[in-house]
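Reader: I would like to go through this structure with you, one contact at a time. Could we begin as soon as it is on the screen?

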Amino acid sequence: MKQSLQTSIWSFRDLRLVLPARALSYAGDSIALIALMLRVSGDGGPGAITALLLAFAVPTVVMIPFAGRIVDSYDSRTVLVWSSLLQAAAGVGLAFCHGLAATLALVCVLQIGQAVAGPAWGALIPRIVGEDLVGRTTGTSQALIGVATLAGSAVGGVLVGWSGDRGALLVDASTFLGLALVARVVRTRRSPEPGAVRERGALMAGLRSMFADPLLRILVPALWVFVLVGEAVNVVEVFLITDEIGLGPSGYGGVLAAQGAGAIAGAWFTGRLRTDNARSHAVLAGTAAIGLSCVLMGLAGGVVPLVIGAVAVGFGSGMLNAATSTLVVTRSAELVRGRVIAALGGTARACSLLALLLGGLAGSILGPRATFVTGGTGCAVAAVVAAVLLIRAGRGAAGGRPGQAEQGGPPSAVLMDSVERGVSH
């Protein structure tokens, strides 16, 4: 056990292929998102933007009952190669089809592929590095993805201006082809267990697995609260920064970059935690940090408190995402891990859909500042409630993991896609 914890994750050949390829694909996603936003905004204005965001989110929710079952029922190489090729085909289609209807339909196809590929990659990681190193892998991967996303956002507008949206979308499609190639050459494989008993109602096995665990039934809702608050304030964030604080477009971009940097640091820090107890504390701390920082941003009278709040929101979200995704899968049986990851990602996406409606409503009624303060207060209260529930459940709840044998030493962790992205791999 001690030796495995001291092993570098980069000593695994398959991981050296997977993590850089996935990070590169996230950079491509950021480029594609900018290209698509610019395209549909010119064609249909705010209504088209809303339709585009729905096209990114709805397939992930609809696929909850099916994506995880596919991942848990078929060989990982087959699932990953074909889902990546489907996304590549959708990306090429987006590059050459310019109508709004065609764009929305192809985005839905893209996200159907993502709904399957995301859980498949997440469930494969423990097979690559072993149970004791996946927690570190989670933090490292999410930090790399954060860097790649920022880089993609920085070059996306430039690339669209230089080559048009077709060139930008072809770049993203090429990253899916790269993922398909990596999936083909990765030696580690995850296959269904021969003779495994199919439980009744297995389509909802992921949700049942999460809520059968005394720790997860408290912490997963904390993640949902964060998504509701985070996505809701995102709707009015641009107005807070540009209208209320008085920053221009470059200032707005700088604040978002500071928030992204905070998320990278939060994910990296959380990847170094070794116990379920420490990770559960990170979930609570992240939720509280997000809430209090949103209040600070809502009350900010100048740039300094605004940036401090943005960095803290990012750090808290990085902690919350890495810790929750780690806990959710490691406290679930290997047999249902694909379904668990699909359930977590899909329900979080459903919360983001609701948050868009709540954010627009709150912004129109309360204004940007009051929306930040109200949402932040709710998030902080949720952290306190979750802490009280954890204390009542007993501090020993983090010790055992349903579906797995008891082990000495630090618990394991697992990589999972960030649940809050526009275009996802």
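Reader: Which residues does D75 touch, leaving out those up to four places away in sequence?
Author: D75 touches R189, R190, S191 and P192. Please keep in mind that this is a predicted model.

Reader: Where is D75 placed?
Author: D75 sits in the loop between α3 (64–73) and α4 (76–96).

Reader: Is D75 buried or exposed?
Author: D75 has a relative accessible area of 16%, and because buried means under 20%, D75 counts as buried.

Reader: And what lies 2.9 Å from a polar atom of its side chain?
Author: That is the backbone nitrogen of R77.

Reader: Turning to charges, how many salt bridges does a search of the whole structure find?
Author: The search finds 12 salt bridges. One of them joins D72 and R339, with the closest N and O atoms 2.8 Å apart. This pair links distant parts of the chain, as D72 is in helix α3 and R339 in helix α12 (residues 337–366), 267 residues apart. Both D72 and R339 are buried.

Reader: Which residues are linked with D72 in a network of salt bridges?
Author: The network links D72, R127, R190, E334, R337 and R339. Within it, the side chains of R337 and E334 meet at 3.5 Å, N to O. R337 is buried, with a relative accessible area of 1%.

Reader: What is the salt-bridge partner of R369?
Author: R369 pairs with E244, and their closest N and O atoms are 3.4 Å apart. R369 lies in helix α13 (residues 368–393) and E244 in helix α8, so the pair ties together parts that are 125 residues apart in sequence. R369 is partly exposed at 24% relative accessibility, and E244 is partly exposed at 37%.

Reader: Let us change topic. In the largest nonpolar core, which residues touch the most other members?
Author: They are W121, L306 and V328, in a core of 77 residues. Helix α8 (residues 216–244) gives the most to this core, with 14 residues.

Reader: What does L306 touch, not counting residues up to four places away in sequence?
Author: L306 touches L240, I241, I245, L247, V255, M297 and A300. A second, separate core has 23 residues, including I49, A88, A95 and L106.

Reader: Finally, which residues form a nonpolar patch on the surface?
Author: L54, V58 and V62 form such a patch, with about 220 Å² of accessible area together. V62 belongs to helix α2 (residues 13–62) and is partly exposed, with a relative accessible area of 48%.

Conventions. Residues are numbered from 1 along each chain as its sequence is written. This is a predicted model: local features need pLDDT of at least 70, side-chain atom pairs count only at pLDDT 80 or more; totals for chains, interfaces and linings use all residues. Side-chain values use heavy atoms; hydrogens and water are left out. Helices (H or I, at least four residues) and strands (E, at least two) are DSSP runs, numbered from the N terminus. Buried means under 20% relative accessible area, exposed over 50%, partly exposed in between (1.4 Å probe, protein chains only). A polar contact is a pair of N or O atoms within 3.5 Å; within protein, one must be able to donate a hydrogen and the other to accept it, and residues adjacent in sequence count only if both atoms are side-chain atoms. Contact means heavy atoms within 4.5 Å. A nonpolar core is a set of buried Ala, Val, Leu, Ile, Met, Phe, Trp, Tyr and Cys residues joined through side-chain atoms within 4.5 Å. Patches are made of residues with over 30% relative accessible area and no salt bridge: like charges are joined within 9 Å, nonpolar side chains (Val, Leu, Ile, Met, Phe, Trp, Tyr) within 5 Å. Accessible areas come from the Shrake-Rupley method with a 1.4 Å probe; for residues, only the protein chains shown count as cover. A salt bridge is a side-chain nitrogen of Lys or Arg within 4 Å of a carboxyl oxygen of Asp or Glu.
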